[in-house]
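Please look at the sequence and the 3D structure shown below, and keep both at hand while reading the report that follows.

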Amino acid sequence: MNYNEFIQSVAARPKVPPEKAEPITRATLETVAKRVTGGQARDLASQLPEELRGLVSRPTEDPQRFGLTEFLQRVQSQARVDHQVATDGASRLGHPP
């Protein structure tokens, strides 16, 4: 999948405004990168379009520990969207078309 298709798959969510698909994608990937090990981040990066790979780079192997609520709060804050948009957008990345 190329970059545009990837972003469009996030924008396809009913509650995700198209102009917020890219910020939500970036915020979600950056938050995931903090939550996984360096090896997991490298594996994820290898499956992403080239334009998004740098968002999941990890300088260390140690992941941060936080749950779903904090995960969604971080996405919401970073993407500057409301809770529902953050939830819908982030869940889209976990379930590609």
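## Glutamate 22 and its partner

Glutamate 22 counts as partly exposed, with a relative accessibility of 34%, where partly exposed lies between buried (under 20% relative accessible area) and exposed (over 50%), computed with a 1.4 Å probe on protein chains only. Its side chain meets that of arginine 26 in a salt bridge, at 3.4 Å from N to O; the term stands for a side-chain nitrogen of Lys or Arg within 4 Å of a carboxyl oxygen of Asp or Glu. Arginine 26 is likewise partly exposed, at 28% relative accessibility.

This is a predicted model, in which local features need pLDDT of at least 70 and side-chain atom pairs count only at pLDDT 80 or more, while totals for chains, interfaces and linings use all residues. Residues are numbered from 1 along each chain as its sequence is written, and side-chain values use heavy atoms, with hydrogens and water left out.

## Helix α2

Because glutamate 22 and arginine 26 are four residues apart in helix α2 (residues 21–35), about one helical turn separates them. Helices here are DSSP runs of H or I with at least four residues, numbered from the N terminus. The 15 residues of α2 reach 21 Å from the first C-alpha to the last, close to the expected 21 Å, which is 1.5 Å times one less than the number of residues. Buried residues in α2 include Ala21, Ile24 and Leu29.

## The salt bridge in helix α5

The structure holds two salt bridges, and one of them joins glutamate 70 to arginine 74, with the closest N and O atoms 2.7 Å apart. Both residues lie in helix α5 (residues 68–79), four residues apart, or about one turn of the helix. Glutamate 70 is partly exposed at 32% relative accessible area, and arginine 74 is partly exposed at 25%.

Notes. Helices (H or I, at least four residues) and strands (E, at least two) are DSSP runs, numbered from the N terminus.
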